[in-house]
Amino acid sequence: MEMLSFASDYMEGAHPAILDRLCETNMMKSPGYGTDPFCESAKELIRRNCECPEAAVHFLVGGTQTNATVIDGLLAPYQGVIAAQSGHISTHEAGAIEFCGYKVLELFQKQGKLSAETVRAYCDAFWKDENHEHMVMPGLVYISQPTEYGTLYSLEELEALRKVCNEFSMKLYLDGARLAYALGCESNDVSLADLARLCDVFYIGGTKCGCLFGEAVVIPDPQLIPHFFTRIKQHGALLAKGRLLGIQFETLFKENLYQELGKTAVETADQLRKIFTEKGYQLVYDSPTNQTFAVLENDRMGELSERVQFSFWEKYDESHTVVRFATSWATTAEEVKKLETLL
């Protein structure tokens, strides 16, 4: 029996163009640790797309190690990181940030997003508290684009968060694990150049966006985190065969493939949301990207799980559950049609 998979956006290996390029260069010899010509080419392409010629670009293997390494580089030992209650570092990274010695300061979120007003109120209350020297100081705001609920920060919302960070001398860090699916969404009004202008650090996700593995960290001011290369090594995150990362990102950014892959996932997700709506299923979050959150009766969920892989998200009530269907760069219209038939 064929099993359809909408469980996540990294179920497939890699885009064929990446595999072809890896095969083409397989027997070439090159320096290690990201000092090879492929990485240099990829870095230059990313700088060009970000309209930030001076930016430092570093390649790491996965999202959790990227978040832990960057946050460790941005915070002082007495500081913590503000994040939404639903943020990835708050929920699905097994305490990686706390393991590095930093407290995650969880704040109320709406549709997965932190508002500038919520962050400002928290920081204002912190600094007005006469005991704040005994407390964990907020030093960084962590967000993701898209959020864990597939929603998007608008340019206006990002600019407002940047303003609050400036007011309280905090850094702004954006997790871009699914950034291709934001850039490929019609309702998105935030560009890579905007991220380079507004964020102290952000990363361009590859693992969930067509790569075998890999994330590209962009630091617009290369002096912000001194010796970041060494910090990557300390975190066990430095890949000896660094060219494997450079080749992948060079391929993604040479012909604007990165954003095109994002569009494919969003288009199939749009088809999926239309099907759910037409069949009377409730959609929980107003997600315009590649993740769809639907409410299923528990009995129906059990039946469907025998033919389709999807993700449990949260309990809705005693007889219903919120589940997630994720499309990816590789999802086809045929797969969506088969799911429609099962529904």
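## Helix H1 against helix H11

The crossing of H1 and H11 is right-handed, a crossing being right-handed if the near helix is turned clockwise from the far one by less than a right angle, and left-handed if anticlockwise. This is a predicted model, in which local features need pLDDT of at least 70 and side-chain atom pairs count only at pLDDT 80 or more, while totals for chains, interfaces and linings use all residues. Residues are numbered from 1 along each chain as its sequence is written, and side-chain values use heavy atoms, with hydrogens and water left out.

Helix H1 covers residues 16-24, and its axis and that of H11 come within 9 Å and cross at roughly 135°. Helices (H or I, at least four residues) and strands (E, at least two) are DSSP runs, numbered from the N terminus. Axes are lines fitted to C-alpha atoms, for helices over the stretch in contact, with angles from 0 to 180 degrees between N-to-C directions. H1 and H11 are therefore oblique to each other; angles under 35 degrees count as roughly parallel, over 145 as roughly antiparallel, 65 to 115 as roughly perpendicular and the rest as oblique.

On the H1 side the contact (heavy atoms within 4.5 Å) is made by Ala17, Ile18, Arg21 and Leu22, and on the H11 side by Leu244, Ile247, Gln248, Glu250, Thr251 and Leu252. These residues divide into 6 nonpolar, 2 polar and 2 charged. Ala, Val, Leu, Ile, Met, Phe, Trp, Tyr, Cys and Pro count as nonpolar, Asp, Glu, Lys and Arg as charged, and the others, Gly among them, as polar.

## Helix H2 against helix H11

Helix H2 (residues 37-50) also packs with H11 (residues 243-254): the two axes come within 8 Å and cross at roughly 40°. That angle makes H2 oblique to H11. The crossing of H2 and H11 is left-handed.

H2 contributes Phe38, Cys39, Ser41, Ala42, Leu45, Ile46 and Asn49 to the contact, and H11 contributes Arg243, Gly246, Ile247, Phe249, Glu250, Phe253 and Lys254. The contact of H2 with H11 comprises 8 nonpolar, 3 polar and 3 charged residues.

## Backbone exceptions

Most residues other than glycine have a negative phi, and most peptide bonds are trans. Ala94, in the loop between helix H4 (88-91) and helix H5 (96-99), has a positive phi of about 55°. Ala94 is exposed at 83% relative accessibility; buried means under 20% relative accessible area, exposed over 50%, and partly exposed in between (1.4 Å probe, protein chains only).

His227 has a positive phi near 55° and lies in the loop between strand S8 (215-219) and helix H10 (228-234). With a relative accessible area of 64%, His227 is exposed. The peptide bond from Gln145 to Pro146 is cis, with omega near 0°, and Pro146 sits in the loop between S5 and helix H7 (155-167).

## Two loop residues

His132 belongs to the loop between helix H6 (116-128) and strand S5 (137-144). His132 is buried, at 18% relative accessible area. Leaving out residues up to four places away in sequence, His132 touches Phe126 and Trp127.

Pro288 is in the loop between helix H12 (257-278) and strand S9 (291-297) and is partly exposed at 21% relative accessibility. Beyond four places in sequence, Pro288 touches Gly150, Thr151, Leu152, Cys185, Ser187, Val266, Asp270 and Arg273. The C-alpha atoms of Pro288 and Glu267 are separated by 9.7 Å, with the two residues 21 residues apart along the chain.
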